[in-house]
Amino acid sequence: MHIPDGFLSTATIATTFAVSAGGVACAVGVANKKLEDKRIPLLGVTAAFIFAAQMLNFPVAGGTSGHLLGSTLAAILLGPWMAVLIMACVLMVQCLLFQDGGLLALGANVLNMGVIASFVGYYLYQGISSLMGRDRRGMMVGAFVGAWSGVFLAASACAAELWVSGTSPFSVVFPAMAGWHALIGIGEGLITVTVLSLVLAARRDLLQPQKV
């Protein structure tokens, strides 16, 4: 899902960069006002975990592979704004050090995998777990649906950006991106549920709803 340079039009680059820059600026403002000192270590550990976990790929089908996105996991643990901040840092390091995603496409990548995936995953998790009584089953169902939906919609947004940039026809790019990421999202959901199960067993207090 990391868009390289040369795939987006100038208008798409400018638009996605402006939206992402606004989102990251808001995230920094929220962190300065609301992030408690005791949660700063969790912020660092979560960012390090997501960065490392994204290096591990799992097979999907047809010789392709997927990896953990981590946006929903970070949003559940720390809130959606902190998830945006974490994903922006991870994507920036991947771009500058490993050329994983283009520098000019960084705004689009942060918008897709940071802003969209984090907020979609977080609010679906909160809504479903609240409807199911916020017990263990409800939290796990909410986490799986949130993680899957975050990946699917982020991939759909990526497809839309490539389409409006004239890189590929919608009839080609949308099935390719959304179809494969519907499968990759299952892996994302299972990994998110597994990690949250471990957190729930050891530190249930970390899964209390975060102030947005």
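Buried means under 20% relative accessible area, exposed means over 50%, and partly exposed lies in between (1.4 Å probe, protein chains only). The model is predicted, so local features need pLDDT of at least 70 and side-chain atom pairs count only at pLDDT 80 or more, while totals for chains, interfaces and linings use all residues. Residues are numbered from 1 along each chain as its sequence is written, and side-chain values use heavy atoms, with hydrogens and water left out.

Start with the cysteines. By that scale Cys-89 is partly exposed, because its relative accessibility is 46%. Cys-95 is buried, at 6%. A disulfide is a covalent bond between the sulfur atoms of two cysteines. Here a disulfide is counted when a pair of cysteine sulfur atoms lies within 2.5 Å. The structure holds zero disulfides. Cys-89 is in none, and its nearest cysteine sulfur, that of Cys-95, is 13 Å away. Seen from Cys-95, the closest cysteine sulfur is in Cys-89, and 13 Å is too far for a bond.

Now the helices. Helices (H or I, at least four residues) and strands (E, at least two) are DSSP runs, numbered from the N terminus. Axes are lines fitted to C-alpha atoms, for helices over the stretch in contact, and angles run from 0 to 180 degrees between N-to-C directions. Angles under 35 degrees count as roughly parallel, over 145 as roughly antiparallel, 65 to 115 as roughly perpendicular, and the rest as oblique. A crossing is left-handed if the near helix is turned anticlockwise from the far one by less than a right angle, and right-handed if clockwise.

Take α1 (residues 10-34) against α4 (residues 80-98). Their axes are 8 Å apart and the packing angle is about 120°. The two helices are therefore oblique to each other. The crossing of α1 past α4 is left-handed. On the α1 side the contact (heavy atoms within 4.5 Å) uses Gly-23, Val-24, Cys-26, Ala-27, Val-28, Val-30 and Ala-31. On the α4 side it uses Trp-81, Met-82, Val-84, Leu-85 and Ala-88.

The crossing of α2 past α4 is right-handed. From α2 come Leu-43, Thr-46, Ala-47, Ile-50 and Phe-51. They meet Met-82, Ile-86, Met-87, Val-90, Val-93, Gln-94 and Phe-98 in α4. The contact of α2 with α4 counts 10 nonpolar residues, two polar and no charged.

Further along come α6 and α7. Their axes come within 7 Å and cross at roughly 150°. That makes α6 roughly antiparallel to α7. The crossing is right-handed. The contact of α6 with α7 has 24 nonpolar, six polar and two charged residues. Leu-183 lies in α7 (residues 170-202). Leu-183 is partly exposed, with a relative accessible area of 40%. Its C-alpha is 9.0 Å from that of Phe-152, 31 residues apart along the chain.

Thr-72 sits in helix α3 (residues 71-78). Is Thr-72 buried or exposed? Thr-72 is buried, with a relative accessible area of 2%. Leaving out residues up to four places away in sequence, Thr-72 touches Ala-117, Gly-121, Ala-143, Gly-146 and Ala-147. Asn-109 is in helix α5 (residues 106-131). Asn-109 counts as buried, at 2% relative accessibility. Beyond its neighbours within four places in sequence, Asn-109 is in contact with Met-1, His-2, Ile-3, Leu-91, Gly-101, Gly-102 and Gly-114. Asn-109 and Cys-95 are 14 residues apart in sequence, and their C-alpha atoms are 9.9 Å apart.

Finish with the loops. Gln-99 is in the loop between α4 and α5. Its phi is near 55°, a positive value in a residue other than glycine. Gln-99 is exposed, with a relative accessible area of 60%. Arg-134 is in the loop between α5 and α6 (136-164). Phi of Arg-134 is near 50°, also positive in a residue other than glycine. Arg-134 counts as partly exposed, at 24% relative accessibility.

Notes
Ala, Val, Leu, Ile, Met, Phe, Trp, Tyr, Cys and Pro count as nonpolar, Asp, Glu, Lys and Arg as charged, and the others, Gly among them, as polar.
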